[in-house]
Each structure stands twice: as C-alpha cells, then as structure tokens.
Amino acid sequence: MSGVFRRFLTATAVSDTANGVFAVAATMTAATTAHSAAAVAAVTVAATLPWLIAAVPAGVLVDRLDPVRAVTLANLGRAAAMLGLAALIWADVALTVSVPVLVFVVSCFQTVVDTAAEVVTANAVDDARRTRANGLLAVSTRLFYQFLGPALAGVLVDVDQVLPGLLSGLACLAAALVAAQLPRTAARVDTAEASTGFWDGARIVFSRPILATIVAVGGLTTIANSIFFTVLVVYAITPGPLALSASQYGFLVGAIGVGAAVGALTTHRVERWVGRSTTLTLTRVGWALVFAGPLFAEGVLLTAVMTVGSALGGMWSVESMSVRQLTVSRGDLGRVSGASRMLTYGMTPVGAAIGGTVALAVDATTLFAVSTVLTLLTVIPIRVYLSDRAIEAATRPPEPGLEKEPVSGNEKEPVSGDEGENDR
C-alpha cells in the first residue's frame, strides 16, 4: 500500500478498534448497571437505529463536504461522545439513560465515517485496484471492530468500567488527527450535474436497475441475517438443542467473522477468476449455507460449514461497494451510499423484530429454513439485473481532475500482471 489510501486505512483500523471497544463495553455497562434485558435491548436499538434515520443525512453531508473532512469531523464527534460517557461512568450519573443516548450519538457519527470511507476510497484508488482496496477496508472492520475491539473491551471492563470510553475516545481522536493530515480527495464535479436534494441518493438508487437490485438483495439478506442470529443464540446455547456453552457459541460466531474477513480479502481474486456477477451469486450461496448450517450439522462440522459460507458471503459488501463506485458519479456517491446503507443496514432491527416475534409461534429450525430460502431467492434478481455485461454498460466514464493512488506497489510502475487489467 502507499500514499493516501495507506494512511486512510491506518485511521480506519484505529477508529474501528475504538468502535469495537466502545460498543461491547457499552452493552456490558448497561447489563451490569440495570441488570435488565430491556436495558441491553435499548443499547442495541440505539446502536442500529441510526442506519434508518441518519444514513441519508450522512450521505448528503459527505457530498457537500470534502469526504476527508467529513471523516475527521465525525471522528472528533465520536471522541467527544465516548469521552463524555467515560466521564458519566466515573461520576455514576444517570447511566440507564446516558448509555443508550451516547451510543446513539456515536452510531450517528459512524454513519458519516462509513459513508465517507467509500467516497475516499473511490477517489484515492484507481478502478483496477478498487475491489482490493474495498476488501482491505472490510478486513479492517472484521478484525479490528469485530475481534480486537471486543476482546479489549472485556479486559478493560474487568479493570475499570471507565477505561473503555476513555481509550476509545482517545483512539478516535488519534484517527481524526491521522485523517486530518490526508490530502483532500473530493472529485471536481460540475455543479450542474451534481444533485443537491436530500433524497436524491434514494432517487438515483431506484432509477437504476443495478443499484436498486443491490439494495433489494442486500436488504432482504440483512432481514434474513437478523432473523437467523436473533433465534440462533437461544437455539445454540444450553439448554438449546445445540447445547453449546457461552464460550463455544462465541467461538462459533467468531469463526463466522474470520470467514467473512478471508472472503473480503480475496474478493478481488475471485472477481478476476469468475467475474463480478458470479461473485455476487456466490455470496448468496454462502450466506444460505450459513443459515442452513444448524439444520444438518453440529459441532466441528457446523463451525466449518459456517466459516466456509461466511467466506463466500463476506465478498458481498466488497463487491457491491465496488459496483456502486464504478457506476455512480463522485458528486452523487455519498448520497447514494447513504441511501443504500439506510435501505440495507437499516433492515437489521426489522429482521430482529420479525425473528423475535415469529419465534413465539414457530420453532427455530423453521426460521432457519425461511432465512435460507429467502437468501437463495435473491439469486434470481442478481442473475437478471447484475450480469457482467449490464455492470460494464453502466460503468461511468473516468472523471477528470482526480488523482488516484495504487493500493500497493510503486505508483510510478506500469500496471501489469495480476495487479492490472485482469483485476477488472
């Protein structure tokens, strides 16, 4: 890696670690303070609700500001909220209310960070290397947010409940300082062509079959995923049928994260071997395999099945982001990304509500089967609307005025071999 993207990836890794520490520690604080499942649920809702209500405003903000500046300001906002929670925990002030409120604030800033990251990457990396760059960003999320962050959170909470908020806030401040040193990468877009309306991102998504299909498939799979994991924890942990201990269940979920990280890291190679459309199709097969796993496997076999399935499924976020970056102009990318995330990530609480409600009337295996079938059905629109030819036809022409840097190697070297045109 080199240049803008390397420094940005460093800032992302630091802020992802901070986010992982903060999210898990906040949940632990809510559980130990109120000793109530409702308090924990309030934190969970506060952490996911911003994707429904703040993702579109975040996209507008990213398009109207320089995306690097947006990342810097959002990380400063997260740092202030995290340090504020540490202060309230130290003072033991109204934690039942303040924890979910500040988690909500941090998550709102997170929508800006994630949306801006997509635009920064699109501006800093050329088309041939973009899938690889997106994969590295996804790996940062898997390793630092989903693994290192939670592991540190447990250790820090055991020492002192103030430490997670304090160190998370300082880490976000460090990420903001790194991001502030990056050169501005905003695209030079003709203002007559750049839309400014609040809902223009959603309008663009629904006016283009490729973008609408990505959102529909992503949203349906998010619902299936939320249904699955809502009932899996009860099904898996003793006295559930799988009879796993809490640590065994944690290892199972961790294996899914490892698989997704491997898939994200290898997406650019799979894309080169089989094409974008087949790669997208394989992601649906992968998640269906995860959801169907408990229906026919247990123990080591179940872990292996879920790891392999998530490795395939983990390629979706990378590939779908690359398609957006290839087909949407830079002036609209922030809003399109924000609208897309609202319509996909925002389905998480919807799926959880469906899973929790329907589980009262049917058993878990039925819901596992429903999640599997729903995911496999999304293969149909992928094959119809997301063919390689359709994606190629929708690819926007190169935009002038953007200085891009390669993801790796010497930027002065000519593009060749598996680092060049074959990456398309």
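The model is predicted, so local features require a pLDDT of at least 70 and side-chain atom pairs count only at pLDDT 80 or more, while totals for chains, interfaces and linings use all residues. Residues are numbered from 1 along each chain as its sequence is written, and side-chain values use heavy atoms, with hydrogens and water left out. The secondary structure comes to 19 helices and zero strands, where helices (H or I, at least four residues) and strands (E, at least two) are DSSP runs numbered from the N terminus.

**Overall make-up**

- Buried residues make up 52% of the 424 residues in the protein; buried means under 20% relative accessible area, exposed means over 50%, and partly exposed lies in between, with a 1.4 Å probe and protein chains only.
- Among contacts between residues at least 6 apart in sequence, 86% join residues at least 24 apart, a contact being heavy atoms within 4.5 Å.

**Helices α12 and α17**

- The axes of helix α12 (residues 276-296) and helix α17 (residues 364-377) come within 8 Å and cross at roughly 165°; axes are lines fitted to C-alpha atoms, for helices over the stretch in contact, and angles run from 0 to 180 degrees between N-to-C directions.
- That angle makes α12 roughly antiparallel to α17, given that angles under 35 degrees count as roughly parallel, over 145 as roughly antiparallel, 65 to 115 as roughly perpendicular and the rest as oblique.
- The crossing of α12 and α17 is left-handed, which applies if the near helix is turned anticlockwise from the far one by less than a right angle, whereas clockwise is right-handed.
- On the α12 side, Arg-284, Trp-287, Ala-288, Phe-291, Ala-292, Pro-294 and Leu-295 take part, and they meet Thr-365, Phe-368, Ala-369, Ser-371, Thr-372, Thr-375 and Leu-376 in α17.
- The residues of this contact of α12 with α17 divide into nine nonpolar, four polar and one charged, where Ala, Val, Leu, Ile, Met, Phe, Trp, Tyr, Cys and Pro count as nonpolar, Asp, Glu, Lys and Arg as charged, and the others, Gly among them, as polar.

**Helices α10 and α14**

- Helix α10 (residues 209-236) and helix α14 (residues 315-327) have axes that come within 10 Å and cross at roughly 160°, which makes α10 roughly antiparallel to α14.
- The crossing of α10 and α14 is left-handed.
- Ile-210, Leu-211, Ile-214, Val-217 and Gly-218 in α10 meet Trp-316, Ser-320, Val-323, Arg-324 and Thr-327 in α14, and by class this contact has six nonpolar, three polar and one charged residues.

**Helix α4**

- Helix α4 (residues 55-64) is mostly covered, with seven of its 10 residues buried, namely Ala-55, Val-56, Ala-58, Gly-59, Val-60, Val-62 and Asp-63.
- These buried residues of α4 pack against α3 (50-53), α5 (67-91), α6 (95-124) and α15 (330-344).

**Individual residues**

- Ser-277 is found in helix α12 and counts as buried at 5% relative accessibility.
- Not counting residues up to four places away in sequence, Ser-277 touches Ile-382, Arg-383, Leu-386, Ser-387 and Asp-388.
- A polar contact of 3.3 Å joins the side chains of Ser-277 and Arg-383; the term denotes a pair of N or O atoms within 3.5 Å, of which, within protein, one must be able to donate a hydrogen and the other to accept it, and residues adjacent in sequence count only if both atoms are side-chain atoms.
- Phe-206, found in helix α9 (residues 200-207), counts as exposed at 55% relative accessibility.
- Phe-206 touches Ala-212 and Leu-343, not counting residues up to four places away in sequence.
- The C-alpha atoms of Phe-206 and Ser-340 are separated by 10.0 Å, although the two residues are 134 residues apart along the chain.
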